[in-house]
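Here are my notes for someone opening this model for the first time. Please keep the structure in view while reading.

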Amino acid sequence: MQTPREILSDLWHLADGDAAALSAVTLTGEEPQLPSSFRVAAAAQASIAASGLAAAQLWQMRSGEAQEVAVDMRHAAVECRSERYLRLDDKPPPPAWDPTAGIYRTGDGRFVRLHTNFPHHRAAVCKVLNCAESREAIQAALMQWEGEAFETAAYAGGAVVAMMRSYDEWSAHLQGRALAELPLFTIEKIGEAPPKPWPAGDRPLAGIRVLDLSRVIAGPVAGRTLAAHGADVMLISGPALPTIPWLVIDTGRGKLTSFVELKREEGRATLRRLLAQADIVSQGYRPRAIASLGFSPEEAAHVSPGIVYVSLSAYGHAGPWSERRGFDSLVQTATGFNHAEGQAASVDGPKELPAQMLDHATGYLMAFGAMMAKARQAREGGSWLVRVSLAQTGRWLWNLGRIADGLKTEDLKAEAIKPLLEELPSGFGRLSSVSHAAKLANTPAFWARPAMPLGSHPPEWPTRI
């Protein structure tokens with residue numbers, strides 16, 4: 001079983017990082033930190049450390065100054081549950097899930113998970129089932145269905161669901177087999193452009209402009225991480241797009257936030273103007289959906305030569321599910337995690353990981369890939385595409401191995417979390433939130449801008465120093 005340092009080394013090598021840089025990283029703490037049979041804490045530590053080391057490397061490119069990077073495993077695991085620990089004026093978060101979300105049985109004895117936190121997804125499920133929007137009505141209707149048939153019909157109907165599979169079932173599935181041929185993430189050159197000069201600034205990403213086109217957790221965590229190292233991150237949303245308010249607050253730290261209506265040509269023109277002046281685009285919508293609006297990676301590289309384009313998908317960019325919608329909880333269900341944790345816990349049915357681990361680790365891998373691609377752009381020019389997916393992150397986590405009796409680990413108590421929290425002002429009230437776990441010796445990570453309600457800023461980049 002690999003050590004956390006060996007896991008980090010593999011990530012660094014996959015991104016073509018200089019092996020000598022790894023000597024600057026200190027990793028502390030031991031597994032397990034959270035109750036799971038999977039190595040969630042090691043995955044948290046390695047993914048955050050990779051992003052922190054990338055930031056340190058960018059700073060060295062800009063300034064000539066090397067620095068130490070330290071990541072504690074407990075702090076990393078806590079940051080990968082940051083939404084749980086957020087407090088707004090000392091108040092805890094509301095319930096995370098819609099009452100109709102969660103696990104149901106189907107008529108053939110299978111389990112399916114429904115993601116109904118957005119009203120249109122809940123309505124789509126009930127339209128397919130021809131039932132009322134209640135747990136009781138949904139469960140009764142599902143007893144008339146076979147699990148896989150419902151999964152297929154629900155996706156075709158615009159719903160977001162997953163049937164629980166074992167790891168062996170997923171590995172034999174066409175999508176599982178397609179992903180087995182892919183690396184954890186890819187960084188590839190997609191166009192020619194001269195190297196961009198670094199703007200002035202005293203932080204690794206100071207003056208670097210990032211368009212954040214994402215919602216929920218993974219993509220927003222990537223933007224939050226880039227902001228923690230000094231980037232000007234602008235979250236683009238639409239006034240009619242459904243959101244999960246608590247996640248908007250938690251992942252909004254450090255960002256500007258603007259409304260741009262991409263269904264109108266005026267809004268698309270605004271985004272093209274912002275894109276032309278951007279350095280990085282991070283997007284979490286389905287590839288075909290964003291391409292249909294005129295913002296595919298190739299189109300972005302045409303509008304903004306030298307762009308780094310980071311694309312997140314649920315199930316990967318190859319295979320029959322490459323266009324399928326998905327969230328962390330559903331990918332856990334479809335790819336074997338819920339089944340395996342249930343077996344490890346000796347329960348009849350699925351059991352979730354103790355964090356939205358696929359989301360959070362993917363977010364840090366997105367930020368890592370963005371920074372490593374930006375380093376290559378600065379050295380050799382070009383436009384670059386980084387591709388990451390929740391399912392590939394899951395495959396990586398699975399391959400890290402299992403922890404015997406890991407589920408017997410006691411969950412972290414409030415006194416263990418308290419030293420990792422910081423108080424910040426915001427446009428919502430006083431926040432208590434998890435600080436960033438990657439500690440850089442000379443350019444400490446912090447959020448220079450407060451979290452603000454969506455649409456608080458005009459769609460204009462701040463002036464570079």
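1. Start with the lining of the largest pocket. Helix H5 (119-129), helix H10 (218-228), S9, helix H13 (287-292) and S12 each give at least two residues to this lining. The model is a predicted one. The space in the largest pocket comes to about 1000 Å³. Its lining has 41 residues; Arg 215, Leu 241, Gly 284, Tyr 285 and Arg 286 are the closest to the centre. By class, the lining holds 22 nonpolar, eleven polar and eight charged residues.

2. The second largest pocket holds about 760 Å³ of space. Of its 33 lining residues, Glu 83, Arg 84, Ala 96, Trp 97 and Gln 356 lie closest to the centre. Which elements supply at least two residues each to the lining of this second largest pocket? They are helix H4 (82-85), S5, H11 and H15. The lining divides into 18 nonpolar, six polar and nine charged residues.

3. Searching the whole structure turns up three cavities of 30 Å³ or more. The largest cavity has a volume of about 150 Å³. It is lined by 17 residues, and those closest to its centre are Ser 214, Arg 215, Val 216, Pro 220 and Val 248. Strand S9 (232-237) and helix H11 (245-251) each contribute at least two residues to this lining. The lining of the largest cavity counts ten nonpolar, five polar and two charged residues.

4. Strand S8 (209-213) and helix H12 (265-276) are the elements that give two or more residues here. What is the make-up of the lining of the second largest cavity by class? It has eight nonpolar residues, no polar and no charged ones.

5. Next, an open sheet of seven strands. Its order is S7-S13-S12-S11-S8-S9-S10, and the pairing is mixed.

6. Strand S11 (residues 280-283) and strand S12 (residues 308-313) run parallel and are joined by four bridges. Gln 283 has Ser 311 in S12 as its bridge partner. Helix H17 (residues 357-380) packs on the sheet and touches S7, S11, S12 and strand S13 (383-389). The direction of H17 makes about 165° with that of S13. Helix H18 (residues 390-399) also packs on the sheet. H18 touches S12 and S13, and its direction makes about 65° with that of S13.

7. The two helices also meet each other. H17 and H18 pack at an angle of about 100°, with axes 9 Å apart. They are therefore roughly perpendicular to each other. From H17, the residues in contact are Met 357, Leu 358, Asp 359, Ala 361, Thr 362 and Leu 365; from H18, they are Leu 390, Thr 393, Gly 394, Trp 396 and Leu 397. The contact divides into seven nonpolar residues, three polar and one charged.

8. Last, an open sheet of three strands. The order is S4-S5-S6, with antiparallel pairing. Strand S4 (102-105) and strand S6 (161-163) are the edge strands, and each pairs on one side only. From one strand to the next, the twist averages 25°. S4 pairs with strand S5 (residues 111-114) over four bridges, in the antiparallel sense. Tyr 104 stands opposite Val 112 in S5. Helix H6 (residues 135-142) packs on this sheet, touching S4 and S5, and its direction makes about 40° with that of S4. Helix H15 (residues 328-335) packs on the sheet too, touching S5 and S6; the direction of H15 makes about 20° with that of S6.

How values were computed. Residues numbered from 1 in each chain as written. Predicted model: local features only at pLDDT ≥ 70, side-chain atom pairs only at ≥ 80, totals over all residues. Heavy atoms only, no water. Pairing = 2+ DSSP bridges. Contact = heavy atoms within 4.5 Å. Axes fitted to C-alpha atoms, helices over the stretch in contact; angles between N-to-C directions. 1 Å grid on protein atoms, 1.4 Å probe; cavity = no way out; pocket = protein on both sides within 12 Å on 5 of 7 lines; lining within 4 Å. Points joined across faces, edges and corners; volume = space filled by probe spheres on them. Nonpolar A, V, L, I, M, F, W, Y, C, P; charged D, E, K, R; others polar. Parallel < 35°, antiparallel > 145°, perpendicular 65-115°, else oblique.
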